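Dear colleague,

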Amino acid sequence: MLSKTVSLVTGSASGLGRATVERIVSSGGKAIICDLPSQSSLADSIIDSLGSDNVKFSPCDVTQSSDVTAALDLSENSGWGPVNCAVSCAGIATASKTLGRKGPHSLEMFSNVLAVNTVGTFNVIRLASERMSTLDPDDNGQRGVIINTASIAAYDGQVGQAAYAASKGAIVGLTLPCARDLSGVGVRVMTIAPGLFLTPLLAGLPEKVQEEMGKQIPCPRRLGDPSEFGKLVESIIENPMLNGEVIRIDGGYRMPP
């Protein structure tokens with residue numbers, strides 16, 4: 001049970017982030033939904049479902065320190081106290097070859113993907129850990145846990161995924177040094193690298209295409225359910241020995257070129 005968990009979850013109006021919020025709250029915790037202002041209607045539907053006493057929405061661009069700070073403040077101003085769990089699910093994906101028929105990869109596009117996926121993730125790490133450091137430690141000397149979202153593209157980047165794979169590979173690279181940096185204040189840092197999940201992006205594809213994609217996964221032969229990502233988040237929160245590591249959740253799938 002996560003009855004003492006006060007979480008900030010970015011990119012949580014839909015997909016993996018939403019499943020994470022639902023899992024934390026259903027297990028007794030609290031959650032701040034951090035997503036773009038344009039996602040407010042989706043956030044409202046989550047609040048209607050889970051209750052405003054358990055879930056709050058804070059409009060947030062993760063690359064903006066003021067937005068992340070406002071979300072952290074909302075937790076404290078709501079009477080929940082400082083967050084002790086931060087889960088970063090916000091991210092964007094683009095497809096462009098390093099050199100294509102129309103010329104070289106857009107540098108602006110490459111920079112933007114890294115800004116949202118990597119810099120945004122680190123922005124949450126640095127600001128959330130500061131709040132966690134003010135909490136009293138538990139019996140294990142721990143004050144909080146930070147969970148990042150990478151991707152199996154960090155290891156198996158496909159054609160056209162130079163920017164996305166680089167951004168997710170950087171999150172993998174952040175995991176251990178951040179865990180070491182924050183060990184002194186009792187904050188754990190973990191990363192999840194998901195494979196093919198039935199998020200809104202894939203849900204928009206024809207059902208036959210979804211089935212064919214699912215058959216590529218060794219076992220089980222289907223796309224991942226976002227709730228399974230949420231279960232892993234819960235396990236990481238509850239297990240104090242999980243720290244400084246990246247966990248792939250992909251059914252044994254390895255992406256082809």
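Predicted model: local features only at pLDDT ≥ 70, side-chain atom pairs only at ≥ 80, totals over all residues.

Residues are numbered from 1 along each chain as its sequence is written, and side-chain values use heavy atoms, with hydrogens and water left out.

Helix 3 comes first in these notes. Helices (H or I, at least four residues) and strands (E, at least two) are DSSP runs, numbered from the N terminus. The 13 residues of helix 3 (residues 65-77) should span 18 Å at 1.5 Å a residue, and the end C-alpha atoms are 18 Å apart, which agrees; the expected span is 1.5 Å times one less than the number of residues. Val68, Ala71, Leu72 and Ser75 of helix 3 are buried (buried means under 20% relative accessible area, exposed over 50%, and partly exposed in between, with a 1.4 Å probe and protein chains only). They cover an arc of only 95° around the axis, which puts them on the same side of helix 3, the arc being that of the directions from the helix axis to the C-beta atoms. On the other side of helix 3, Ser66 and Asn77 are exposed. The buried residues of helix 3 pack against strand 1 (6-10), strand 2 (30-35), strand 3 (55-59) and helix 4 (107-132), where contact means heavy atoms within 4.5 Å. Just after helix 3, glycine 79 takes a positive phi of about 85°.

In helix 8 (residues 207-215), the buried residues are Gln210, Met213 and Gly214. They cover an arc of only 100° around the axis, which places them on the same side of helix 8, and what covers them includes helix 7.

Turning to the pockets, the largest pocket holds about 1,300 Å³ of space. Of the 44 residues that line the largest pocket, Gly91, Ala93, Tyr164, Thr199 and Leu201 are the closest to its centre. Helix 1 (15-26), strand 2, helix 6 (162-182) and helix 7 (200-203) are the elements that give two or more residues to this lining. A pocket here is an open set of points on a 1 Å grid over the protein atoms alone, where a 1.4 Å probe fits, with protein on both sides within 12 Å along at least five of seven lines, and lining residues have an atom within 4 Å of a point. Grid points are joined across faces, edges and corners, and a volume is the space filled by probe spheres set on the points.

The second largest pocket has a volume of about 510 Å³. Its lining has 20 residues, of which Lys4, Asn84, Asp138, Gln142 and Ile237 lie nearest its centre, and strand 7 (144-149) and helix 9 (226-238) are the elements that give two or more residues to it.

Lastly, threonine 5 is located in the segment before strand 1 and is buried, with a relative accessible area of 6%. Leaving aside neighbours within four places in sequence, threonine 5 is in contact with Ile24, Gly29, Lys30, Asn84, Cys85 and Ile237.

With best wishes
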